[in-house]
Amino acid sequence: MSRQLLLQLTLATAFSAALGGIYSDISDLPTTNYDFIVVGGGTAGPAVANRLSQNSQFQVLLVEAGPSNEDVLPAKVPGLMLEMFSGPYEWNYTTIPQPTMGQRSLPYLRGYILGGCSAHNSMFWSRGTIEDWDRWANVTEDPSWSWQNVLPVMLKNEHWSEPADRHNQTGEFDPAIHGFHGIVGASLPGYPTELDSRVIQTTQELDEFPYIIDYNSGTPIGLAWYQGSVKNGARSSAATAYLAPQYLQRSNLHVLVNTRVTRVLPASSGTKDFRIVELGKDASSLAQLTASKEVILSAGAINSPQILLHSGIGDVADLQSLGITALHSLPSVGKNFTDQPYITPVWSTNSSKPPLNTTAALEEWQQNRTGPYTMSPTASNHIAFLRLPDNSTIFETNVDPAAGPNTPHMELTPLDNGGLNSPSNGTFVSMGITFLTPTSRGTVTINSTNPFDPPIIDMNLLASDFDIFTFRESLKASQRFFSAPAWSDFIIESVQPPANTTTDNDLDEFLRQNSIPSSHACGTCAMSADDAQYGVVNSDLRVKGVTGLRVVDASVMPFVPAGHLQVPVYVIAEKAAEMIKSDWTTTY
């Protein structure tokens, strides 16, 4: 299906005046008096807005810069995910040149649509490890962030569903550790691939890749079946789940789309009570709205620090150098940027599988919500989580950055296609490789006083010896995987990198020249203990040293979890809503 046709099918609602509880202009809002204003309709914002509006006494406004997700076909069909990666549903950000990645300036994917990245990610459903969450609790000195205490929140969020093809799930997941009455759909793969039996056979042939029944147990080392945010064959996003029609019918929940929040401002001059949002479609149409209780910043790990910096909250010297009046000193804003490098090496095969008939696949999905389009083209039916061996030479000079001995360093996902780097002719398999525990840190900054200018994104990936070593070992692990006997009559040769790329230096160069970010941005408004001299928010997600303002999104993560960010962001949002409701129900 052509991009032009897809846009014709899906753009209609981007310019609609209102749809249910969704409005496209400030003048359309039935009221401007709100208790809570949630900034950002991505993964976290809809969850916060939904849960706060459960209290009928709270008037809640959710503001999203992009359009509504209603009738945007690629935001619903998992197989059309790549159609979301540029154009009207993307912020279309680009990093500055990256010296550690071949001086390339790389696209940095951020969803510009209601649902945000949850409307166009690969739908991986992973919780991280017990040790990941316990480390958050230790760093923030707040036991409520421990695995034991967030597991009930995970179950509250999750609505485990049958896979799209309704196959027997016995032995492919552990029902005892999942939630069946939550709000966001999750399921096993609903479409088999020709790799499935060979993948399972490999777990029997190579001890390095043991089969485990469920990686969401908190101890994920091994290979298991993929779990994704798919329900009845369709993507389950923050928008489709938390902003479903039955919730938008609430008279106290309003959603404003196509409107950019540029700054948060003090409620009165000379105070640090930030409860005003400045917003509009462009610089000539800015208005202000006040939250009588709190502003919740859920604009994501790129846009949340950008908004804070333009608001005068950040490093005083940096702000003054731009001519921005510094209202509150928080040097950590925009620092600690963390992401996980990703690459897809490719092998040629002798597969006789015909090319995907995209027209037939879309028709099947539209008729039955079944078939190949129930899966993302960048997702796999299986995931392997692995650690470096304890005797790896890198540990002679580097402390292990993983949260503990049961936390993986790498993730491998066998793909029955060439992935994002697929050559044009032939049949291929690839391995999606994500390096999970980076030590490199980057920044999100600004170089303009115009809040409509894009932020400056410096990922600084692969900048440490540990990172490039472990990424290289991840690539070698994928080569060992496809060297198992299970693949001997199927794999022909390595295509990317070429088969003669064998030295560590050559492999490193391949990784630096071809890897991309996972777009798992986090850490730029990190949580820390209440008395810590670093960080942006306390463990209750209130911005340090001010009132009326919290940050609730991936930016508050002090460390990136060893997995994907979708579930942890939902947990952050659910916990934040519980804390906010408790504060304003029992204290005031």
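The model is predicted, so local features need pLDDT of at least 70 and side-chain atom pairs count only at pLDDT 80 or more, while totals for chains, interfaces and linings use all residues. Residues are numbered from 1 along each chain as its sequence is written, and side-chain values use heavy atoms, with hydrogens and water left out.

**View A. Pairing of strands β3 and β4.** Strand β3 (residues 34-39) pairs with β4 in the parallel sense over four bridges. Helices (H or I, at least four residues) and strands (E, at least two) are DSSP runs, numbered from the N terminus; two strands pair if DSSP finds at least two bridges between them. In β4 (residues 60-63), Val60 and Leu62 point one way, Leu61 and Val63 point the other way, and all are buried. Buried means under 20% relative accessible area, with a 1.4 Å probe and protein chains only.

**View B. Helix α2.** Helix α2 (residues 44-52) is mostly covered, with nine of its nine residues buried. Among them are Pro46, Asn50 and Arg51.

**View C. Surroundings of valine 277.** Valine 277 lies in strand β14 (residues 274-280) and is buried, at a relative accessible area of 0%. Its C-alpha atom is separated by 4.5 Å from that of valine 264, 13 residues apart along the chain. Not counting residues up to four places away in sequence, valine 277 touches Ile37, Val39, Val261, Arg263, Val264, Ala287, Gln288, Leu289 and Val295; contact means heavy atoms within 4.5 Å.

**View D. Nonpolar cores.** A nonpolar core is a set of buried Ala, Val, Leu, Ile, Met, Phe, Trp, Tyr and Cys residues joined through side-chain atoms within 4.5 Å. The largest has 92 residues, of which Ile37, Trp145, Val277, Leu308, Leu541 and Leu549 touch the most other members. Helix α13 (residues 566-586) supplies the largest share of this core, 10 residues. A second, separate core of 47 residues includes Ile343, Met431, Leu475 and Phe481.

**View E. Crossing of helices α11 and α12.** The axes of α11 (residues 465-481) and α12 (residues 504-514) come within 10 Å and cross at roughly 100 degrees. That makes α11 roughly perpendicular to α12, a term covering angles of 65 to 115 degrees. Axes are lines fitted to C-alpha atoms, for helices over the stretch in contact, and angles run from 0 to 180 degrees between N-to-C directions. Residues making the contact include Phe471 and Leu475 of α11 and Leu507 and Phe510 of α12.

Notes:
Angles under 35 degrees count as roughly parallel, over 145 as roughly antiparallel, 65 to 115 as roughly perpendicular and the rest as oblique. Buried means under 20% relative accessible area, exposed over 50%, partly exposed in between (1.4 Å probe, protein chains only).
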